[in-house]
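This report looks at how the two parts of one chain meet. Have the sequence and the model open as you read.

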Amino acid sequence: MNKKAAITGVSAYRPEYILTNKEIEQTLDTTDEWIMSRCGVSERRILKDKNKGTAFMAAEAAKSLLDKKGLTPLDIELIIVATVTPEHPYPATANIVADMIGATNAWGFDIQAACSSFLSAVQTASKFIESGTHKKVLVIGSDKMSSIVDYTCRKTSILFGDAAGAVLLEPSIDETGILDAKLYADGSGKKYLYQPAGGSLIPASIESVTNKQHFVQMDGQAVFKVAVIKMADAAEEMMQRNNLLADDIAFLTPHQANKRIIEATANRMGISMDKVMLNIHKYGNTTSATIPLCLVEWEDQLKKGDNIILTTFGAGFTWGAMYVKWSY
Ligand code: UT7
């Protein structure tokens, strides 16, 4: 039987600049109290350097992960970058990252499934490990959301931040690893959350810039209503498929889009908030980086054999969950 894939290391890059609710209050008609109570964000990191983008953050996360694991870039066979803010439309950010870190033995590509990009990338990577063709795969979730956020819009600018998180996947040597995953997509949700311009339908033009079509457009309430159900559905389904009771679960690792969506998911699963990885107050929604950023910040508390449910929801709509038995 083929080996399962295991997450054997995690690392992250967080830009230094901290954009607080207090600072946002200076320019927009909003308050710290409103932002905290509606979505649970207190501050977010912003990559201020205009000459650095998604690839820089991804490369920093990757380099620190290689250091941590005592690996050289040449050990990596495949790099998958999950992102909605690629360095360029092409080539793939994964290829740029490979060049930046010197991973000349690695092929690579990007995966884009909005906020579900990271879980989609881990699921894809796990298949390369399971098939036996690859033994060391880097999956990096990296997003410079500040490059597509309109900082004059109080509905969206409060939510997002920049960051990158990386995981190493290797063949499992025991019963631990990525044991199950179920991902979903429903493209009819497009109109509620998307970036209208910059693709083939509306290429960049003076009009598209003037009309602010290169920024995130979101009908927050419509997204919230679906997210709060689907993320909980996916997490609950993952428990049922694997005969897991609330007590069997060590941690829930949810995509960090809104604290209220996360609380609703935990509630449906019957698990208490002390088992929920929650850092949205510090980083906001970093899109592809939220889940690996949580794994990094809870790494010290994780024990080999712990049952973890990762769950996500994003534009598309896309959503799903993954069951991981922690490997170290
Ligand atoms: O990761 C991708 C998936 N994304 C999500 O899951 C996001 C899902 N949506 C949400 O998290 C929430 O909808 C938001 C946090 C974005 C907004 O919270 P809400 O409770 O749904 O607020 P709302 O959009 O219904 O707006 C309520 C009111 C409106 O005023 P009126 O029309 O009732 O007078 C807004 O104009 O709050 C107003 N508002 C604000 N007020 C102060 C909207 N943004 C702000 C703001 N500060 N920043």
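Which side chain meets Asp150 in a salt bridge? Lys212 does, at 3.3 Å from N to O. A salt bridge here is a side-chain nitrogen of Lys or Arg within 4 Å of a carboxyl oxygen of Asp or Glu.

## Model and domains

The model is predicted: local features need pLDDT of at least 70, side-chain atom pairs count only at pLDDT 80 or more, and totals for chains, interfaces and linings use all residues. Residues are numbered from 1 along each chain as its sequence is written, and side-chain values use heavy atoms, without hydrogens and water.

The domain assignment (automatic or from a database) gives domain 1 (5-174) and domain 2 (178-325). Their centres, taken over C-alpha atoms, lie 14 Å apart.

## Contact and buried area

In domain 1, 51 residues contact 43 residues of domain 2. Contact means heavy atoms within 4.5 Å.

The two domains bury about 3700 Å² between them. Of this, 63% is on carbon and sulfur atoms. Buried area is the accessible area (1.4 Å probe) that two parts lose on being put together, summed over both. On the domain 1 side, Cys115, Leu119 and Ile148 lose the most area to domain 2. Together they make up 18% of what that side buries.

## Charged pairs and surface make-up

Four salt bridges cross the interface of domain 1 and domain 2.

The side of domain 1 that touches domain 2 holds 24 nonpolar, 16 polar and eleven charged residues. Asp, Glu, Lys and Arg count as charged; Ala, Val, Leu, Ile, Met, Phe, Trp, Tyr, Cys and Pro as nonpolar; the others, Gly among them, as polar.
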